[in-house]
Amino acid sequence: MNEHTLTDQPKDHLVSALVRDEPRVLTRITALFGRRGYNIRSLSVGATEHPGLSRMTFVVTGDRGVVEQAMRQLEKLHDVVRIIDHSLEKFVDRELVLVKVAISPDSRVEVRQIAEDFRSRIVDVGRHALTFEVTGDEGKITAFIEQMRPFGILETMRTGRIALTRGSNADIPSHVYHDGETQTLRPAVESVEPREERARDVPNLF
Amino acid sequence: MTHSSGQDADQHGAGQQDPAAGHELDRGSMTGAKALWATLANHGISTVFGYPGGAIMPVYDALTFYPEVRHVLARHEQGAIHAAEGWAKATGEIGVCIATSGPGATNLVTGLADAMLDSVPLLAITGNVARHLMGTDAFQEADITGITLPITKHNYVVREVEELPRVIAEAIRIARSGRPGPVLVDIPKDIQLAAYHGEVAYPHARPEHPAPKPEAIARAKELLLAAKKPVIMAGGGSLDASAEITALARAWDIPVITTLMGLGAFPSSDPLWLGMPGMHGSVAANRAISEADVLLGIGLRFDDRVTGRVNGFAPNAAIIHVELDAAEIGKIVRVGVPVRGDATVAARMLTEGAYKLDLPDWHAQIEEWKTRTVTPTEWSAGFAVKSVVDRLRPDDILSSDVGQHQMLAAQLARFEKPRRWINSGGLGTMGFGFPAAIGAGMAEPGVTSVVIAGDGGFQMTLQELATLKMYDIRNVKICIINNSFLGMVRQWQELFHEKRYSEVWLGDSNPDFVKLAEAYDVPGYRASNAEELPGMIDAWLADPKSALLEIVVPHEHGVFPMVPAGAALYEMIETEPPRKQPTPDLSAEMMAAAEEAKNA
């Protein structure tokens, strides 16, 4: 029926997925989102500690019902090994952004000062532009970009948010919102599912 | 290729060696293509439907070394995949079809989408161009895995010959496990030809379905105990839980509605059966849903054709939804008690400690609704369909194509057991019925496989008459309900488009179906009125061969009851409204209009 209360307004939800490194796995996931009309605000993908497994973090916009449905549909994809719903436990999230800001002899000092206030690193120095690397949560990055905007931003690139469940949830039970125990100290995956489970008592035709 | 003995052809397929000699057969050196057949044979797959072509030739060559597997040559890849679907729907086992690259593969697309929406376990194998040509727009190259990505449960491109048996075994496991669905495996030609030195794969153990949580079952029972107007709704996911659901309904004394996909999950002879819900559902089913205070849905997905306007669906009911696929729970309707898990286990758990509800008022109300079922008594498509379906024996399989005749068959046929009703429910694929009936008929040569089709849909896959001829299939009985119209579209044009019959008149261009059948050595029969129909049905069914019966019916009958699109189930139109302006001689009128258009 998709009726939700007023408190259930569209907002950003963080969802992580562990997926097999198979051809088109990214296409499968993005096509699923596109087909069913879910909005992805950001998506970042990277390798994990397990060979053959990648981890993705999505920021999905929508009410809770939409996000639940998106997670259930994702779980059905064969190459998706596990879905981690970050609304169930406290998590840490980070985003990295590269910002190239135009500078003049007049603005150079002020730009550097702002960057220092944000604990940003300068990764490229030119006479007419400085490139900064900022890491942090979304609010900090947005604030940094807004501070730099008056000087003239030439380019930016954001990685999108990445997230992990907090290990400290195990020490602080109130950080776990769902029934039951925290999942945080369990390895995200025990191992990649064995490819072949043989059934016996089937005649070999050779 | 012809066969003198139908029995022989049915069992062994065309041009293959004696399977009794199988273990002594010299299969030559192992290749990817041979590993494919060996893996299929290991999985107990006895029959595949397909059509050869350039990029799948090594597989067809290897087939000659594997007489364990019968290949059925269809006349179009769509026919092959629908036949595989018919096989799967009748048996509950996986259907397999094969096509070549490019156009062969794209011709499977409709069938894959159909199997996806109806949760049919299906393995589609396609050839593709050699790996070094992939991505170069080579001859007959199509990105079939890209094309079918949203309409398969999963799909693969085999990248190395070493992984081929493993991929096939995994594909079969995925297709059959959980909520079934179609899986496509695309095999480049050079991999089919490559020497293979590994082992051949064996079937995976079928993963167990999750068992429902006892808390959920307990809450469901609490609701049922307090119910004053309970109703059970069983869908396609309940076909394999038929016995358990029947026991459950009888133990609690709760009436049962079976959806279009769930027909047969509950015996229709049982007084608790209310028929089918939805757009063309029975009065009793739709009224019961609208009045119910507890609705127990088992193995269904609340399709829009079932619910009507969603906020008017079961407005007074707390819904218990038993479903294997977690994504279906709460997708469309708000669910009070979600029960995720196997329908068989859930039904058994719900039956334990059942309390026979004493609800005489509710049952009396339902009996009153049941009397509002209209049985067609005058010459019409409904009359014709009823005359045919009444002749089915409990084991016979009834397939249908898509349209008015499908809804009439679903309303009028009575099924005592599951998997005797085969139709395209989710996708509504015209052309599905006839090849599906061939697949079902080949799966069960001992029963009669009847297909009811319209004059429009039959012409979409009529080339499969040649398949009947080639394999001398004797148990497929084709019934064409010929109203010279694309009847369902016409009905909507009449109701919602002020009778502007845009591009639905087939009458002047339809073939002579009897002659058409006879061109393929399939005996043809025709009936045009109620007097001659019983005799023709007798002759058609008694014919030792597969046969075609064309029943010529009036042009403009509609299917009722009907819930208009966007309306709630309780807003159904129960009987056909009287026509303000009957069209006396439609054929003449249409022909005059066509003539006029030509001259203009």
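## Two domains in chain A

In this predicted model, chain A is divided into domain 1 (11–88) and domain 2 (92–162), with bounds that come from an automatic or database domain assignment. The C-alpha centres of domain 1 of chain A and domain 2 of chain A lie 29 Å apart. Six residues of domain 1 of chain A are in contact with five residues of domain 2 of chain A, where two residues count as in contact if their C-beta atoms, placed from the backbone, lie within 7 Å.

On the side of domain 1 of chain A that touches domain 2 of chain A, β2 (39–47) and β3 (53–62) of chain A each supply at least two residues, and β2(A) gives the most, with three residues. By class, this side of domain 1 of chain A has three nonpolar, three polar and no charged residues; Ala, Val, Leu, Ile, Met, Phe, Trp, Tyr, Cys and Pro count as nonpolar, Asp, Glu, Lys and Arg as charged, and the others, Gly among them, as polar.

Residues are numbered from 1 along each chain as its sequence is written, while chains are lettered from A and ligands numbered from 1 in the order in which they are written. As the model is predicted, local features need pLDDT of at least 70 and side-chain atom pairs count only at pLDDT 80 or more, whereas totals for chains, interfaces and linings use all residues.

## Fold of chain A

Chain A has four helices and nine strands, which follow the pattern β-α-β-β-α-β-β-α-β-β-α-β-β along the sequence; helices (H or I, at least four residues) and strands (E, at least two) are DSSP runs, numbered from the N terminus. Of the 206 residues in chain A, 21% are buried, a residue being buried if 20 or more other C-beta atoms, placed from the backbone, lie within 10 Å of its own. Among the contacts in chain A with a separation of 6 or more, 72% are between residues 24 or more positions apart.

## An open sheet and its helix

Strands of a sheet pair through backbone hydrogen bonds, either parallel or antiparallel. In chain A, four strands form an open sheet in the order β2-β3-β1-β4, with antiparallel pairing; two strands pair if DSSP finds at least two bridges between them. The edge strands are β2 and β4 (80–85) of chain A, each of which pairs on one side only, and neighbouring strands of this sheet are turned by 20 degrees against each other on average, direction ignored.

Strand β1 (residues 11–20) of chain A is joined to β4(A) by five bridges, and the two run antiparallel; the bridge partner of A17(A) in β4(A) is I83(A). Helix α2 (residues 64–76) of chain A lies across β1, β3 and β4 of chain A and runs at about 160 degrees to β4(A), with axes fitted to C-alpha atoms, for helices over the stretch in contact, and angles from 0 to 180 degrees between N-to-C directions.

## Domains of chain B

The domain assignment of chain B gives domain 1 (6–193), domain 2 (214–370) and domain 3 (381–599). Taken over C-alpha atoms, the centres of domain 2 of chain B and domain 3 of chain B are separated by 30 Å, and 26 residues of domain 2 of chain B are in contact with 25 residues of domain 3 of chain B. Helix α12 (residues 283–291) of chain B gives the most to the side of domain 2 of chain B that touches domain 3 of chain B, with five residues.

## Confidence

Chain B averages a pLDDT of 93, and 92% of the residues score at least 70, pLDDT being the predictor's confidence in each residue, from 0 to 100. Over residues 1–22 of chain B, however, the pLDDT is below 50. For the complex, the predictor gives an ipTM of 0.84 and a pTM of 0.90.

Technical notes
Buried ≥ 20, exposed ≤ 12 C-beta atoms within 10 Å, placed from the backbone.
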